[in-house]
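Please read them with the sequence and the coordinates open.

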Amino acid sequence: MPRSAPWIACLLGLLLFAAPALAASPPPWGTGESKGEDLVISLVTFSPGDDVASWWGHGSLVVEDKRLGAARLYNYGMFSFDSTMLGRYAMGRLEFWVAEASVAGTYRAYRAYNRDVRVQELNLTPVQREEIGRLLATNVLPENREYLYHHYNDNCVTRLRDMVDRAIGGQLREADKAPGRMTLREHTRRYTAVSAPMSVLLDFLMNDEIDRPVTRWEEAFLPDELERQVGSLQVTGPDGQKAPLVARSWEFYKSDRKPPPEEPPNYGPWMLLLGLAIGGSAVGLAYWGRRGARLPRVLLGLEQVVLGLVLGLPGTVLMIMWLFTDHTVTYRNENLFLANPLTLLVAPLGLMLTWGSARARSGLRFLWRTLAATGTLGLALKLLPAFNQDNWRLIAFILPISLGFSGAFDLDRLLAQVASGSRKSERQPLSSTLKTP
């Protein structure tokens with residue numbers, strides 16, 4: 001099974017602050033004590049929060065036995081912070097599991113964090129309720145509870161989707177064959193719009209695997225999307241009549257937060273302007289320092305250090321993730337034309353430039369020429385169908401920087417040659433310029 005998005009992989013799991021897992025005896029719907037007509041199955045959706053871990057929202061299933069007075073919330077977003085967690089996280093092999101929690105305790109926790117708690121009671125037959133209750137009680141057992149997490153294909157919300165769909169005989173999946181509203185990248189960008197730097201970073205790290213057209217079924221990796229789809233679904237009952245899947249819905253708590261935007265932000269023009277400004281600043285500093293002034297040289301060197309780290313570190317991480325991990329969403333990423341381990345080398349050379357190193361100037365000239373050439377190649381390859389990654393925003397930002405710095409060091413070299421020629425001319429004896437009569 002493909003695995004991806006390590007920087008996202010832990011996010012939904014971090015939502016486990018909601019309530020401690022229960023270590024109680026098996027629930028009555030797991031032992032056969034419950035009767036289907038006494039059970040209530042509800043899909044609960046929690047809205048996004050402030051921190052990165054909660055940007056995506058969360059979802060759970062609640063099973064309640066009205067007759068026996070038992071209720072439990074099932075959370076598929078659990079994972080462990082142990083000594084091996086970081087290694088598994090880095091390699092894209094993070095395991096999640098499902099656990100039971102207190103319904104009231106979970107609701108109170110989300111209310112304390114000022115996040116919506118929205119409940120949809122599902123309109124299921126007694127047999128279907130029993131099936132979901134039994135499956136959840138079975139899934140939570142130690143031998144069954146773990147699964148290999150995938151942010152888009154197998155997460156704490158897709159598990160709920162699959163269970164509800166199984167209970168209603170595949171009717172949700174059949175209805176969700178329709179084309180999705182947008183690609184997975186666009187959904188990711190709109191949910192990360194609360195932080196432009198993080199949104200751009202994730203945009204940089206992900207390849208065209210999330211740019212293909214998707215169905216509504218695939219869009220339901222998001223809690224809000226699953227809630228929307230379940231709320232609009234009409235299901236055919238045993239009597240052949242259609243009825244809404246949601247019997248009733250209500251809000252346990254309504255926060256004052258703004259919901260995620262319906263469309264991803266349009267960062268492209270701003271990123272182009274920023275890229276042109278940074279690239280142009282390098283040319284300006286090179287011209288300013290044409291007479292050997294120290295300040296423009298130091299400023300130009302510091303620019304190299306910052307850009308080498310800001311662009312080079314993600315580029316190096318991206319290369320490592322392609323070559324050595326299971327994060328398939330980073331493989332063969334076209335953004336490596338724009339920023340890669342070569343970019344990271346700009347930082348130490350920039351530091352050397354602030355000290356006036358001539359070798360640093362030569363090395364930086366070579367690096368920026370190479371990066372400008374690879375970036376231009378990446379742009380030209382967009383003409384081919386195979387190079388269809390949605391990375392125009394990154395091209396608009398990074399390519400002008402590479403071209404600008406490449407031009408700056410070419411200008412620096414040209415000005416140095418002109419200055420050197422001028423000095424030689426000044427030192428030349430006047431007699432050598434006169435012709436013999």
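Over the ring of which residue does the charged end of R159 sit? It sits over the ring of Y147, 4.1 Å from the ring centre. A charge counts as over a ring if NZ of Lys or CZ of Arg is within 6 Å of the ring centre and within 35 degrees of the ring normal.

1. Basis. This is a predicted model, in which local features need pLDDT of at least 70 and side-chain atom pairs count only at pLDDT 80 or more, while totals for chains, interfaces and linings use all residues. Residues are numbered from 1 along each chain as its sequence is written, and side-chain values use heavy atoms, with hydrogens and water left out.

2. Overall make-up. The protein chain has 17 helices and nine strands. Helices (H or I, at least four residues) and strands (E, at least two) are DSSP runs, numbered from the N terminus. Of the 437 residues, 51% are buried. Buried means under 20% relative accessible area, exposed means over 50%, and partly exposed lies in between (1.4 Å probe, protein chains only). Among contacts (heavy atoms within 4.5 Å) between residues at least 6 apart in sequence, 79% join residues at least 24 apart.

3. Nonpolar cores. The largest nonpolar core has 38 residues, and L61, Y76, L136, L226 and L245 have the most contacts inside it. Elements that each supply at least two residues of this core include strands β1 (39-46), β2 (58-65), β3 (70-78) and β4 (95-101), along with helices α5 (126-139), α6 (158-167) and α11 (223-232). Another core, of 32 residues, lies apart from it, and A286, L338, A339 and F405 are among its members. A core here is a set of buried Ala, Val, Leu, Ile, Met, Phe, Trp, Tyr and Cys residues joined through side-chain atoms within 4.5 Å.

4. Surroundings of Y76. Leaving aside residues up to four places away in sequence, Y76 touches F96, W97, V98, L136, N139, Y147, C156, R159, L160 and M163. Y76, F96, Y147 and Y149 form one aromatic cluster. R159, a contact of Y76, is also the residue whose charged end sits over the ring of Y147. Elsewhere, the charged end of K382 sits over the ring of W392, 5.3 Å from its centre.

5. Aromatic pairs. A search of the whole structure finds eight. Rings of Phe, Tyr and Trp (its six-membered ring) pair if their centres lie within 6.5 Å; planes under 30 degrees apart count as stacked, over 60 as edge-to-face and the rest as tilted. The F46 and Y110 rings are stacked because their centres are 3.9 Å apart and their planes are at 10°. F46 is in strand β1 and Y110 in helix α4 (residues 103-112), so the pair ties together parts 64 residues apart in sequence. F46 is buried, at 0% relative accessibility, and Y110 is buried, also at 0%.

6. Helix α4. Its buried residues are V103, G105, T106, Y107, A109 and Y110. Their cover includes β1, β2, β3, β4, β5 (117-122) and β9. At the N-terminal end, S102 caps the helix, with a side-chain oxygen 3.0 Å from the backbone nitrogen of G105. N114, which follows α4, has a positive phi near 55°.

7. Salt bridges. The whole structure has 26 of them, each defined as a side-chain nitrogen of Lys or Arg within 4 Å of a carboxyl oxygen of Asp or Glu. In the E262–R181 bridge the closest N and O atoms are 3.3 Å apart. E262 lies in the loop between β9 (246-253) and α12 (268-288) and R181 in the loop between α7 (171-175) and α8 (184-191), so this bridge ties together parts 81 residues apart in sequence. E262 is partly exposed at 42%, and R181 is partly exposed at 38%. E218 pairs with R212 at 2.7 Å between the closest N and O atoms.

8. R228 and E225 meet in a salt bridge of 3.9 Å, N to O. The two residues lie three apart in helix α11, about one turn of the helix. R228 is partly exposed at 37% relative accessibility, whereas E225 is buried at 2%. Salt bridges that share partners also join D116, R118, D224, E227 and K254 into one network.

Key. Polar contact = N/O pair within 3.5 Å; in protein donor to acceptor, adjacent residues only side chain to side chain.
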